[in-house]
Amino acid sequence: MKIFLSADIEGTCGITDWSETERSTPKDYNPFQRQMTREVCAACEGAIAAGAKEVFIKDAHDSARNLDVPSLPQQIRILRGWTGDPLTMMSGVDSDDFDAVFFTGYHAWASCPGNPLSHTMNLRNEYVELNGVRMSEFLMNTYTAWYYGVPVTFLSGDKDLCDFARELIPGITTVPVNQGFGGGVVSIHPDKAVQLIGDGAKAAAKAGKKCKPALPADFDTLVRFKEHKHAYSKSFYPGAELEEGKAVRFRSDDWFEMLRFYHFVLSDA
């Protein structure tokens with residue numbers, strides 16, 4: 001059994017402020033870098049306890065150089081840094097036959113009040129819609145996993161995102177560690193989060209049959225920017241349309257073409 005794990009930080013237990021996500025502010029960042037690593041480690045150990053022979057990890061936050069690799073189990077391989085391909089936070093998922101995808105430290109979508117750090121890929125957009133639904137990085141990356149035929153079986157992060165995930169994938173195991181209220185966060189104890197993530201990952205490792213991929217037949221996306229100049233610039237992507245000055249729309253029946261669009265319009269990688 002092989003597991004693909006994509007790790008973010010804005011859904012890490014207790015995180016509240018942008019300074020806690022940035023390497024440039026180490027006093028704030030370092031405790032949450034450690035907690036991010038602990039949560040990833042717990043997910044890996046849970047999967048290994050369930051029989052996984054390898055966990056391929058994509059460090060998927062900011063510089064993609066967050067995880068303390070020596071603290072992780074020896075059964076891992078890890079992709080650090082950004083390759084520059086359209087898979088971004090899922091880079092590597094196309095490289096092997098994976099049995100399941102895990103997400104740790106994931107956060108709610110841009111404009112969602114469930115996390116004070118809610119966003120979708122960058123902070124320049126107000127929100128992103130996909131087939132009429134506000135798109136999170138979780139939804140985007142789930143569709144990427146499904147594009148390659150891999151079920152998504154585990155998620156840890158904030159409560160609003162976990163609630164959405166269970167509606168999208170009824171068989172998924174979720175571990176909500178935070179709940180946002182305005183600019184604040186109510187969280188469980190970080191040690192409890194690690195315990196629950198380990199237990200949840202163990203249960204989720206073999207849950208592929210309950211979480212079968214179900215990719216839509218076609219896709220219609222709208223990216224609404226905070227400033228019209230960004231929308232104007234991104235509207236030059238082939239096939240994209242500028243709407244009402246601040247929004248860019250794109251349609252396709254091929255998910256990889258959608259990823260190319262998002263890579264041009266949303267990705268900083």
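**Loop, sheet and salt bridges in a predicted model**

User: Y148 lies in the loop between α2 (137-147) and β7 (152-158). Which residues form a nonpolar patch on the surface with Y148?
Analyst: The model is predicted. In it, Y148 counts as partly exposed, because its relative accessibility is 30%. The patch that includes Y148 has about 230 Å² of accessible area together.

User: Is α2 mostly covered or mostly open, and how many of its residues are buried?
Analyst: Among the buried residues of α2 are E137, F138, L139, M140 and W146. Just after α2, G149 takes a positive phi of about 80 degrees. The helix itself is mostly covered, and the number of buried residues among its 11 is 10.

User: Which strands stand at the edges of the open sheet?
Analyst: Five strands form this sheet, with antiparallel pairing, in the order β6-β5-β10-β12-β11. A strand at the edge has a single partner strand, so one of its sides is left without a neighbour in the sheet. That describes β6 (133-134) and β11 (241-243).

User: How many bridges join β10 to β12?
Analyst: Strand β10 (residues 219-225) is mostly covered, with five of its seven residues buried. Towards strand β5 (residues 125-130), β10 runs antiparallel and is joined by five bridges; in that pairing N125 stands opposite F225. Towards strand β12 (residues 247-252), the pairing is also antiparallel, and L222 has R249 as its bridge partner. The number of bridges between β10 and β12 is six.

User: What is the bridge partner of E129 in β6?
Analyst: Strands β5 and β6 pair in the antiparallel sense over two bridges. In β6, the residue bridged to E129 is R134.

User: How many residues apart in sequence are the parts tied together by E126 and R224?
Analyst: The two side chains form a salt bridge, with the closest N and O atoms 3.2 Å apart. E126 lies in strand β5 and R224 in strand β10, so the pair ties together parts of the chain separated by 98 residues.

User: Is R249 buried or exposed, and what is its relative accessible area?
Analyst: R249 meets E243 in a salt bridge at 2.7 Å, N to O. Both belong to a network of salt bridges that also links D220, E241 and R251. E243 is partly exposed, because its relative accessible area is 23%. R249 falls under the 20% cut-off and is therefore buried, its relative accessible area being 17%.

Conventions. Residues are numbered from 1 along each chain as its sequence is written. This is a predicted model: local features need pLDDT of at least 70, side-chain atom pairs count only at pLDDT 80 or more; totals for chains, interfaces and linings use all residues. Side-chain values use heavy atoms; hydrogens and water are left out. Patches are made of residues with over 30% relative accessible area and no salt bridge: like charges are joined within 9 Å, nonpolar side chains (Val, Leu, Ile, Met, Phe, Trp, Tyr) within 5 Å. Accessible areas come from the Shrake-Rupley method with a 1.4 Å probe; for residues, only the protein chains shown count as cover. A salt bridge is a side-chain nitrogen of Lys or Arg within 4 Å of a carboxyl oxygen of Asp or Glu. Helices (H or I, at least four residues) and strands (E, at least two) are DSSP runs, numbered from the N terminus. Buried means under 20% relative accessible area, exposed over 50%, partly exposed in between (1.4 Å probe, protein chains only). Two strands pair if DSSP finds at least two bridges between them.
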